[in-house]
Amino acid sequence: MSTTETIATGTDTTTGTETTTGTETTTGTETTTGTETTPADSSERTRGPRIGENAPRPDGVPKVNGEFAFGNDMWIEGMLFGRTLRSPHPYARIISIDISKALAMHGVHAVITADDVPGQKLYGLEHKDQPVFASEVVRFHGEPIAAVAADHPETARRACRAIEVEYDVHAPIVDAELSITAPPIHPDGNIFRHMFIRHGHPDSPESEGVVAVEGDYEIGMQDQAFLGPECALGIPLEDGGIELYVSTQWIHADREQTAACLGLDPEQVRMTMAGVGGAFGGREDISLQIHTALLTLHTGRPVKLQYSREESFFGHVHRHPAKMWYRHSARADGTLAKIEARLVFDGGAYASTSSAVLSNASCFAHGPYNVEHALIEGYSVRTNNPSCGAMRGFGAVQTCFAHEAQMDKLAAALGIDSIDLRLKNALKTGDRNITGQLLSGVVPVAELIERCVAHPLPAMGEVGEMMGRPGGAGRTADAHHIKRGFGFAIGWKNLMFSEGFDDYSTARVRIDEGQNGPVVTVHCACAEVGQGFVTLAQQIARTVLGLDEILLHPADTQVGSAGSTSASRQTWMSGGAVQQACEAVRTQIFASLAATHGVDPETLAIQDDHIVSVDGTFSIPVEDAVANKTFEATEVNRHVQTVRLDADGQGDAHVSFAFAAHRAVVDVDEELGLVRVIDITTTQDVGKLLNPRQALGQIEGGIAQGVGLAVMEEIIVTNGKVRNASFTDYLIPTTLDMPTVTIAALIEEPEPGAPFGAKGIGEPPTIASTAAVAAAIRNAIGRDITRVPVRPQDICL
Amino acid sequence: MTAPQAHSNEPTNDHDVTVGYSLSINGGTHPVQDAWIGESLLYVLRERLGLPGAKNACEQGECGSCSVVLDGTLVCSCLVLAADAVGSEIATIEGLSADGGLTDVQQAFLDAGAVQCGFCTTGLVMSVHDMLDTTPAPTDLERREAISGNLCRCTGYGRIFEAIDLVVTRRSGSPAGAS
């Protein structure tokens, strides 16, 4: 493992220097530039990992020794601490806001409200409908009213308490179904989107099969619960602009929205990615960016605004709770005749990405199956509940839970094995989905199903010792009451943004002569949120250019947008941009060799670390070919154009699709309603494994979030009020909750059009794992489960 | 509110007390001046002493990201008042390695791919060291129980278990543990 050690040491040294020599702002981005791994002696250079190999994270060493700077770790001399005042009511008219007492407190430097927003008062990722600060109406529990900057966080907290807000409290609209017809709670109305997908002739008598099953399904509100709470540091610039360091998923979208609200040109808002402690969709929308910038400009001093865990629950969007009615009808042989569904997604108070989430839910509502006819009706609706938006799986998670429950139910009604029913209807390459889109890529549904269920069950033995039983440390479960159940589910979703969105990523690649040979600098604004793009970018650059020293420039707004780290898109989009920029640089190198060596550039290729001609007559180390020269190229990677769905929900709305199957084993104590998930066995369609170790981590981590949604994770909202905004009360899986994860197969069939043939792998593990666990619980107790997370009362009452 | 005291960088209330004290951290003495007495050890480490390796994911004792060792006991530094830690020996991630390199646990986290976003990592490294100090060869359930107070949202813990196994194997001198 000499490679690991060399890179680790290099990173360590560089980072240590930068952090401790106290560049004014210590940010994660500076730390990640610790990938400037230039060994003292060039003879020590080792070959860095290429595509397909286990590559160490360039930010690994600073992350294990504490030197990596997350947003929360940023510190600058003289900075003030920000804090947000939030509404205690889900729906109320603001009668008055009195900030005078707060402003008079010693140590308080600013108290700002909607009156202090110089630019646009509203912002939003897709639709600008959310006030920077509520001024007339509050529409959800926790909506920002004001923000404070003070010289100590405790002073800021007390100042927030000293702000006097008088409310006229209204009864909140908290039922999405009722909100469809309720008086509008926002000038833009209560319906974010109402859509249909009509496939075949669902109204014709011929569409009806001989057996039909129906069900109502419900999914609770899940939180991303990334470990690193939101944080930003603003620094005022002399030209009236601002430098903003923020932990986010998409700095360019942040900048656009922030600048508009500040009334500044986007160029006056310089944004740099601070270290990001996880995201999972929860950092795609604005949270504290604008507030931090306003406080910074208002005080003329650096301001750090960071959320506590409680505030984090209020400060970002969540996974949409949904209610879904389904009816499946089949021919006698099990052929799916018709699927009807009505989906109602609760988007909460503001739009966020509710429209796109609903579109996804609807597009994937039938599951990865052929069906002759379908009629899907979808609503995403505004209520006075917390706003919902992106979370890993993005709409596909909700409908997967329902369509997989329906497939099991249908199989039972038909008297067919549920796996056989799935195989009989499995989508394959060349089929069309219900929006009429030809599935031209890799669609290994049958193989995923077969290999998942064929995999031997892990050795689980009998019901385990007390801590291993349902209820765990509670030590309550009686071994004689425990029933073991098995369940299966498969899910799918799109990769990249859909429905005509201009989705692209930008990368700049430059080769310079370093102290010990050429150094490649990759500049891309892709948000590294833990998924490992930084590792991948290095692997791609090494593979394409045959050079080993790859420096990652901080992700910032000095280069074009990379788009969001979401939708399983960055490997394809930003990986592709890096690949293309490297290829453009490679072309420049070949042209340079043509000039100096008289070789035909068309005949050259890079093989490992040499440039060779196809006829074998010319060969030169890449290092020598680029010595003392500079090359640079910037490339923009766009995927194929997609279209917005038409009135019947038809159109080629998506770029590519990915699939994953899960088999769950659970132990259930039926008397107490307690569940332990014992094992999840999975198969996934990955295209090509670019970094096997990193892929494993994505899959295991995605399954953990799916298991969490199945049995424990829910933001409890009672009449619009959030009841469990803490890690004491919102439970995510611990080591004691996490099942073993068995990877039965990762199918490596290259996806056409994808860089290196690789599909994004981040989201698929989270889609069907929830449904598989629910199926296993049904199997264990022999009764229906129609809601996740499954609560004790759903099992034992 | 009553008239504030004239101090900088401290909260302002008649009832507040600001204090100066010294903390013994990683073998060194760290003076703290004019600090509000309500500040947690986590806050003082991070915001006053430039030791941000302990993280602040929940500040409620639920996540373990702020783990430090206080007089030999692993604690959540968010639940310890800094002024109450006077006279105690405090060990943080920054002082974990005597020679500035990586400990075997840190190296194993890298080798096993146990690091993603990294926010939980320093706390987990502290916890794993603490576990292995007392339980050199933990059973599956023992290791799960020992680090169940450390939440990780990225990994699903699989590679963290692998990292623990790597350390156990390497410490036992088994050839299988050689990299």
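**Exercise 1. Work out the make-up of chain B.**

Solution. The secondary structure of chain B comes to 5 helices and 5 strands. Here helices (H or I, at least four residues) and strands (E, at least two) are DSSP runs, numbered from the N terminus. Next, read the order: starting at the N terminus, the elements of chain B go β-β-α-β-β-β-α-α-α-α. Finally, turn to burial: 52% of the 179 residues of chain B count as buried. A residue is buried if 20 or more other C-beta atoms, placed from the backbone, lie within 10 Å of its own, exposed if 12 or fewer, and partly exposed in between.

A word on the model before going on: it is predicted, local features need pLDDT of at least 70, side-chain atom pairs count only at pLDDT 80 or more, and totals for chains, interfaces and linings use all residues. Residues are numbered from 1 along each chain as its sequence is written, while chains are lettered from A and ligands numbered from 1 in the order in which they are written.

**Exercise 2. Describe the overall form of chain A.**

Solution. Begin with the count: chain A holds 19 helices and 31 strands. Its radius of gyration is 27 Å, close to the 28 Å that the globule rule gives for 797 residues, so chain A is as compact as a globular protein of that length. The radius is taken over C-alpha atoms, and the rule is 2.2 Å times the number of residues to the power 0.38. Along its principal axes, the C-alpha trace of chain A spans about 75 × 75 × 55 Å. Buried residues form 63% of chain A.

**Exercise 3. Find the partners of strand β2 in chain A.**

Solution. Strand β2(A) covers residues 92-98 and pairs in the antiparallel sense with β6(A), residues 137-138, over 2 bridges. Pairing requires that DSSP finds at least two bridges between the strands. In this pair, A:A92 stands opposite A:V138. Now take the other partner: β2(A) and β8(A), residues 164-169, are antiparallel over 6 bridges, with A:I97 opposite A:V165.

**Exercise 4. Characterise the contact between the two chains.**

Solution. The contact takes 52 residues from chain B and 59 residues from chain A; two residues are in contact if their C-beta atoms, placed from the backbone, lie within 7 Å. On the side of chain B that touches chain A, α2(B), α3(B), α4(B) and α5(B) each supply at least two residues. Among the elements, α2(B) gives the most, with 4 residues.
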